[in-house]
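Here is a short briefing on helix packing and salt bridges. Please look over the sequence and the model before reading on.

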Amino acid sequence: MDNQMVERILEEVKKRLSTQGAAEVQPPLKKEEVKKEAVVMSVSGLTEFVGTAIGDTVGLVIANVDRGLHEKMGLDKKYRSIGIIGARTGAGPQLMAVDEAVKATNSEVVTVELPRDTKGGAGHGSLIIVAAEDVSDARRAVEVALKELDRTFGDVYGCDAGHLEFQYTARASYCLNKAFGAPLGKAFGIIVGAPAAIGVLMADTALKTASVDVVTYGSPTHGNSYTNEVVLTITGDSGAVRQAIISAREVGLKVMRAMGQNPVSSTKPYI
Amino acid sequence: MDNQMVERILEEVKKRLSTQGAAEVQPPLKKEEVKKEAVVMSVSGLTEFVGTAIGDTVGLVIANVDRGLHEKMGLDKKYRSIGIIGARTGAGPQLMAVDEAVKATNSEVVTVELPRDTKGGAGHGSLIIVAAEDVSDARRAVEVALKELDRTFGDVYGCDAGHLEFQYTARASYCLNKAFGAPLGKAFGIIVGAPAAIGVLMADTALKTASVDVVTYGSPTHGNSYTNEVVLTITGDSGAVRQAIISAREVGLKVMRAMGQNPVSSTKPYI
Amino acid sequence: MDNQMVERILEEVKKRLSTQGAAEVQPPLKKEEVKKEAVVMSVSGLTEFVGTAIGDTVGLVIANVDRGLHEKMGLDKKYRSIGIIGARTGAGPQLMAVDEAVKATNSEVVTVELPRDTKGGAGHGSLIIVAAEDVSDARRAVEVALKELDRTFGDVYGCDAGHLEFQYTARASYCLNKAFGAPLGKAFGIIVGAPAAIGVLMADTALKTASVDVVTYGSPTHGNSYTNEVVLTITGDSGAVRQAIISAREVGLKVMRAMGQNPVSSTKPYI
């Protein structure tokens with residue numbers, strides 16, 4: 001094969017690859033990754049393995065936690081079994097998913113830890129531990145959480161420069177209470193912008209749009225794990241919370257587009 | 001098309017791509033990224049959007065910050081308007097740029113936060129907020145900062161293994177004072193090496209070269225946001241500060257090259 | 001060259017590239033990277049440069065640390081010379097390597113700092129400083145450490161979703177004591193899982209398998225530098241420590257495979 005021909009093919013290949021790249025979501029999630037992981041797997045030779053989901057999320061259970069580990073983890077003595085939800089990409093989606101899981105099962109959220117992750121992206125990963133007296137409850141909680149993730153990733157919009165994330169629930173439960181101090185049973189929303197500058201603007205927009213109360217305002221070195229995000233959480237009347245989120249989303253997407261970005265959701269928006 | 005031909009083309013393509021890859025800057029900045037972002041954009045339908053610059057930097061303004069957010073951000077009551085400079089890659093370049101911006105405008109730096117970022121690189125991103133009584137001052141500050149960035153990225157040398165960064169000003173102002181405690185009006189320099197080991201050596205070289213005073217010495221878990229950097233800031237006679245930086249740069253580049261790396265600047269060195 | 005032909009070639013190229021990609025180790029170490037770096041280099045015009053090794057590790061020495069820097073670094077006055085080991089990827093491998101180095105040389109570990117790094121991966125990088133009265137001792141310590149790294153990376157298993165890491169020594173020395181409080185002269189092991197969820201399960205398995213004592217249990221925001229890891233360190237009878245590690249490794253690899261991953265070691269397993 002002559003060199004000139006290879007040269008021309010190479011030119012073409014590079015041109016095509018770069019064009020396609022621009023249209024694809026980069027962090028926090030690549031499309032192929034989503035396809036691979038969106039399906040919750042539940043077959044494995046390992047009794048502790050429950051399944052996986054989007055965002056490199058893995059769900060595990062331990063029927064009878066080792067006594068030494070139990071102590072190191074600071075677990076309440078009444079709980080023998082734990083469910084573990086961990087992910088490389090995403091804190092909000094997993095927190096919302098586990099919130100639904102503890103509503104639906106006889107389990108309790110015992111620890112929430114948010115590493116600095118997203119595989120080179122600007123945000124958090126997650127490590128959430130639920131406890132139950134019975135392993136079947138712990139397993140059920142993990143199963144419910146994994147199934148919710150496809151939905152809760154719906155308003156995570158990724159692009160090369162960063163990401164925008166929105167979460168909404170009409171009724172916050174114990175996971176959101178543990179993580180943010182969300183008032184139980186009330187409407188609750190999460191608004192995340194990365195780079196953090198966009199999050200400041202979205203927070204301002206959300207609070208101007210509707211009469212909602214700020215629960216937390218997290219910035220890179222105050223409340224976040226050094227992520228390049230501003231995270232606003234709000235509560236109030238369900239219509240107001242939803243409206244605040246929708247306005248923030250609108251302004252966030254506009255800024256991203258003005259930056260020359262094309263933020264897209266990996267799954268299906270739900271808010 | 002026969003399989004053997006595809007095989008040969010693939011071989012060629014891979015060979016070329018990998019050869020080219022080696023010569024390109026990787027983190028903290030890809031070349032195409034620089035080209036795309038170096039031009040400050042200022043057209044957008046959004047009144048809050050000022051523009052973008054190198055390093056995924058975005059500049060925004062809020063004319064009249066929401067009262068609830070105002071409080072959460074800990075802003076002084078006299079300021080109604082803020083300017084926001086945020087970036088995925090770079091702390092030093094943005095800090096220097098904002099330092100020039102506050103010199104040139106009637107604005108004040110209110111918060112500096114440095115996330116752990118650079119998109120998989122070893123360093124910081126940034127979130128810097130300036131405040132002004134009038135939105136036109138806030139906007140002007142952001143504009144000046146965005147325009148300075150092309151210059152202040154001049155001595156940021158990236159490669160696959162890490163990066164080296166150098167900043168110099170003959171007269172430090174309020175942003176550098178806020179971020180590092182730089183003495184106002186005096187010559188000031190920043191020396192950054194990543195991985196951190198190189199930063200230790202550059203710090204030693206800088207201090208041996210010229211009679212300068214250490215303002216801060218930051219390492220991954222002491223002063224930095226868990227970045228893999230050593231950050232030395234120095235003050236003193238302007239000639240001495242500049243000389244210390246130049247010597248550090250020389251030794252840093254030598255070590256990088258000895259590691260088999262080819263660190264290059266994304267824009268044009270200015271020191 | 002007609003467009004249709006390019007289209008077909010492109011299809012083929014993409015198909016091949018994605019197939020090959022799946023089989024390759026991604027973070028924490030790419031194969032080519034390993035090949036390039038595994039050889040310790042020791043030629044350079046720079047007296048301070050000792051060499052490089054796997055994980056973007058660099059080894060440097062300073063014969064006579066600048067007095068101002070000496071103070072900022074909090075070094076004991078009796079030490080004039082330091083050796084610096086820094087890396088983008090890996091904390092455990094470097095800590096074990098330096099542990100061997102201080103056993104073999106007349107040097108002392110003075111600081112251990114673990115940045116959040118691994119170039120977009122889920123773990124730590126490292127900055128370890130050893131001190132000696134004589135530069136030849138500092139240099140020797142760095143040389144020994146660099147040579148050990150190929151071995152100590154043996155049980156680091158990387159894949160796209162995360163990594164597993166295992167370290168074992170029959171006799172812990174001053175570096176492991178400094179970093180984790182390892183009892184001197186006793187068998188010691190490190191078990192790391194990322195994403196952190198896997199680390200919890202491995203810790204449980206390790207502690208159930210053999211009668212060992214927990215030295216530390218680190219999670220993303222308690223003991224780690226916001227990495228997405230759980231890090232368990234154990235001590236006890238050498239056979240028990242080794243057995244605990246082997247069982248943890250087995251369960252960790254099983255979970256990774258159940259996640260659809262193929263974790264592989266960059267060098268040669270040694271435990």
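How many salt bridges are there over all chains? The count comes to 27, a salt bridge being a side-chain nitrogen of Lys or Arg within 4 Å of a carboxyl oxygen of Asp or Glu. This is a predicted model: local features need pLDDT of at least 70, side-chain atom pairs count only at pLDDT 80 or more, and totals for chains, interfaces and linings use all residues. Side-chain values use heavy atoms, without hydrogens and water.

**Salt bridges**
- A:Lys103 and A:Glu100 pair at 3.1 Å, N to O.
- These two residues, A:Lys103 and A:Glu100, sit three residues apart in helix α4 (residues 92-104) of chain A, about one helical turn.
- A:Lys103 is partly exposed at 26% relative accessibility (buried is under 20% relative accessible area, exposed over 50%, partly exposed in between, with a 1.4 Å probe and protein chains only).
- A:Glu100 is also partly exposed, at 21%.
- C:Lys119 bridges to B:Asp160, with the closest N and O atoms 3.1 Å apart.
- The pair joins two chains, because C:Lys119 lies in the loop between β4 (108-113) and β5 (126-132) of chain C and B:Asp160 in the loop between β6 (156-159) and β7 (162-169) of chain B.

**Helix packing in chain A**
- The axes of α7 (residues 196-209) and α8 (residues 238-258) of chain A come within 8 Å and cross at roughly 145° (axes are lines fitted to C-alpha atoms over the stretch in contact, and angles run from 0 to 180 degrees between N-to-C directions).
- Residues in the contact (heavy atoms within 4.5 Å) include A:Leu201 and A:Met202 of α7(A) and A:Val251 and A:Gly252 of α8(A).

How values were computed
Residues numbered from 1 in each chain as written. Chains lettered and ligands numbered in written order. Helix = DSSP H or I, 4+ residues; strand = E, 2+ residues; numbered from the N terminus.
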